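Hello,

Here is the structure I promised to pass on.

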Amino acid sequence: MTAVGEIARGALVPSTPPVWERHLLSARDSPLITYQHEEYSHNTSGPENGTIIPTDNLVCCSFLFRQSHISSLRRFVPHNLRCSTFDILSACLWRCRTKALELDPNEDVRLICIVNARFKFNPPLPLGYYGNALGFPMASSSVGKLTQNPLEYALKLVKQAKTKVTEEYMKSTMDLLVTRGRPNVKLVGSYIVSDLTRAKFKEVDFGWGEAVFMGPETCWELISFYIPSKNKKGEDEIIVPVCLPATTMKSFVKELEDMLKDEPTVHADI
């Protein structure tokens with residue numbers, strides 16, 4: 001997109017030439033699955049186990065998180081537990097969402113993080129490589145443990161999931177997709193989060209300047225994107241669309257507000 005924008009503005013060649021080279025992410029000649037890959041469905045005989053969220057009467061809301069909200073969440077974790085904004089926000093949303101759904105305490109739920117794996121390879125993928133290079137590591141827990149333990153429990157699970165994404169993990173993923181007929185990511189009982197705050201979509205300029213807004217055109221009940229934004233002071237903020245059944249959304253808002261009592265977040269229907 002950056003290359004197209006540069007050419008649209010008159011450049012003869014883009015500053016970073018696009019690179020095809022899809023062979024870089026091909027399965028090995030002798031496929032070898034070295035990870036369990038619990039994020040992918042291995043059930044070929046029927047539907048997956050778990051509660052399916054009803055899709056009637058869905059409500060979509062966007063939640064605005066300022067730095068003060070992130071700081072407020074950090075109060076719930078030990079000072080010596082280092083974590084990124086993505087880590088603690090994902091842990092918070094996963095925990096609040098699970099509590100709002102009121103699932104069986106013995107049921108398993110999952111958080112799937114979409115992780116950029118471009119720089120996990122040695123050597124890294126070329127800068128102009130414009131194919132997807134994404135890992136889908138998964139954190140899992142029983143509903144009871146996730147909702148009854150403090151936020152620190154969910155946070156550690158998120159951090160552990162992200163560390164799975166290595167070069168060998170990605171090669172194992174490619175081998176799995178080829179040998180098992182491209183299984184889908186597990187969706188039942190899962191919540192997927194994707195961080196777009198560093199994707200730089202807003203910086204793409206086709207000749208009319210930077211975008212006013214970037215993000216998905218709608219929202220879905222199983223995935224939330226972290227969309228970058230700035231307030232009038234130029235301070236960074238994050239917009240997170242969440243989609244849930246109407247009654248569940250009310251509970252979700254209450255759970256979130258309970259964690260952010262001193263810093264209530266702003267939300268609006270979509």
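Let me begin with L24, which sits in the loop between α1 (2–8) and β1 (58–65); helices (H or I, at least four residues) and strands (E, at least two) are DSSP runs, numbered from the N terminus. With 32% relative accessibility, L24 counts as partly exposed (buried is under 20% relative accessible area, exposed over 50%, partly exposed in between, using a 1.4 Å probe and protein chains only). Leaving aside residues up to four places away in sequence, L24 touches L125 and P126, where contact means heavy atoms within 4.5 Å. L24 and P126 are 102 residues apart along the chain, and their C-alpha atoms are separated by 9.7 Å.

A word on the source: this is a predicted model, in which local features need pLDDT of at least 70 and side-chain atom pairs count only at pLDDT 80 or more, while totals for chains, interfaces and linings use all residues. Residues are numbered from 1 along each chain as its sequence is written, and side-chain values use heavy atoms, with hydrogens and water left out.

Next, helix α6 (residues 167–179). Its 13 residues should span 18 Å at 1.5 Å a residue, and the end C-alpha atoms are 19 Å apart, which agrees (the expected span is 1.5 Å times one less than the number of residues). Among the buried residues of α6 are Y169, M170 and L177, and the buried residues of this helix pack against β3 (134–135). After α6 comes G181, with a positive phi near 70°.

Best wishes
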